[in-house]
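Here is a short briefing on pockets and helix packing, written to be read with the model open beside you.

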Amino acid sequence: MQVLKRIGFVVLASVCFASTVKAANYDYDSQLNKALHANKLVAIGDVHGGEHVVTRLIKYLDEPSNWQQLDDLVVEFGNARYQDLADQYLLSKQNISIDDVRHIWRDTLYFMAWQYDVYEQLVLKLKQLNSTREHKVRLVLAEPAMNWQTLSKEDWQKLERSRETGYLEAINQHVVAKQRRAILLFGAFHTFKKPIVISNQASPFSSVIALLEQQKPGSTYTVWPAMKNDGLASSYPADSLIPLSANSSLNKPLASMSKRFATSNSISLADVVDAYYVLKNTDRNAPLSDAALNDLAWHKELKRRAEIVSPRSAKQIHSWLSQHN
């Protein structure tokens with residue numbers, strides 16, 4: 001009887017241990033920290049119009065032990081012209097109005113993508129945490145410096161074409177050269193580790209992460225977020241971060257996941273990202289910020305910018321204004 005009890009205990013302990021290991025393997029915080037400990041740049045793919053990727057990042061930062069792993073948060077949604085402003089607001093005790101800080105994400109190439117409240121909440125959270133913790137995390141604004149007051153249509157087009165190399169220069173200058181630990185928050189398509197073929201584009205698209213990998217292979221760890229109708233329904237619980245491999249059940253050809261990928265694309269998900277993040281909700285219904293909705297001077301500026309940006313972006317601006325004015 002004693003032998004049977006011991007066997008039963010060993011089996012139960014083994015099952016519990018296996019379950020714990022499995023849970024840890026899929027734990028968001030643990031996976032990110034493991035990559036940071038390995039001196040990798042952690043690139044988190046964002047879903048424009050959805051709030052859950054950024055909300056989860058805020059939760060990660062809020063945990064003190066995670067905060068200690070990080071030196072920089074590099075963001076697509078920031079104009080480097082305002083890097084000094086970001087440093088003063090987040091790293092000093094200067095009294096700076098959030099109205100002034102909003103220029104950081106409003107004065108960007110694709111400013112319409114950052115109208116959602118979650119981006120402002122991320123910056124406010126960084127302000128709070130930096131003011132209450134000894135270790136400081138810097139917000140690095142990756143978009144090349146630009147001035148919307150003097151920007152021409154030709155300037156906008158030139159910046160749009162060169163933005164990936166601009167992102168690379170910022171990351172090299174602020175993070176790589178200083179050997180700092182960083183999380184990079186960029187739209188998901190900017191996080192592919194290899195060039196990919198996008199529909200209606202003649203040449204492959206090389207993201208900033210692909211450029212970093214060409215510069216130093218194996219230097220990044222990338223997280224691809226679940227997207228609506230991506231065909232990757234799984235039994236994994238929400239908030240799981242699933243490592244990918246060639247034989248993973250989540251590894252699918254990119255062309256089968258979205259019409260944005262050319263059908264000639266032979267690359268699979270595991271070829272270009274390291275992990276798949278199972279979102280609680282893939283709907284793109286993030287609430288807009290009160291400032292975006294109620295600032296009439298901003299609405300007037302949007303109309304002016306509609307004459308400068310691409311036709312697609314101009315259409316988006318006019319549609320947005322017609323709904324919210």
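How much space lies in the second largest pocket? The answer is about 340 Å³. Keep in mind as you read that this is a predicted model.

**The second largest pocket**
- Its lining is made up of Leu36, Asn39, Lys40, Leu41, Val176, Gln179, Arg180, Arg181, Leu212, Gln215, Lys216 and Ser219.
- By class, this lining splits into four nonpolar, four polar and four charged residues.

**The largest pocket**
- The largest pocket has a volume of about 1500 Å³.
- It is lined by 43 residues, and those closest to its centre are His48, Tyr110, Arg163, Arg260 and Arg312.
- Helices α9 (153-161), α10 (163-176) and α15 (311-324) each supply at least two of the lining residues.
- The largest share, four residues, comes from α15.

**How α14 packs on α15**
- Helix α15 also packs with α14 (residues 296-305), at an angle of about 155° and with the axes 10 Å apart.
- The two helices are therefore roughly antiparallel to each other.
- The crossing of α14 with α15 is left-handed.
- On the α14 side, the contact involves His299, Leu302, Lys303 and Arg305, which meet Ile317, Trp320, Leu321 and His324 of α15.
- Sorted by class, this contact has four nonpolar, two polar and two charged residues.

Conventions: Residues are numbered from 1 along each chain as its sequence is written. This is a predicted model: local features need pLDDT of at least 70, side-chain atom pairs count only at pLDDT 80 or more; totals for chains, interfaces and linings use all residues. Side-chain values use heavy atoms; hydrogens and water are left out. On a 1 Å grid over the protein atoms alone, a cavity is a set of points where a 1.4 Å probe fits but cannot get out, and a pocket is an open set with protein on both sides within 12 Å along at least five of seven lines; lining residues have an atom within 4 Å of a point. Grid points are joined across faces, edges and corners, and a volume is the space filled by probe spheres set on the points. Ala, Val, Leu, Ile, Met, Phe, Trp, Tyr, Cys and Pro count as nonpolar, Asp, Glu, Lys and Arg as charged, and the others, Gly among them, as polar. Axes are lines fitted to C-alpha atoms, for helices over the stretch in contact, and angles run from 0 to 180 degrees between N-to-C directions. Angles under 35 degrees count as roughly parallel, over 145 as roughly antiparallel, 65 to 115 as roughly perpendicular and the rest as oblique. A crossing is left-handed if the near helix is turned anticlockwise from the far one by less than a right angle, and right-handed if clockwise. Contact means heavy atoms within 4.5 Å.
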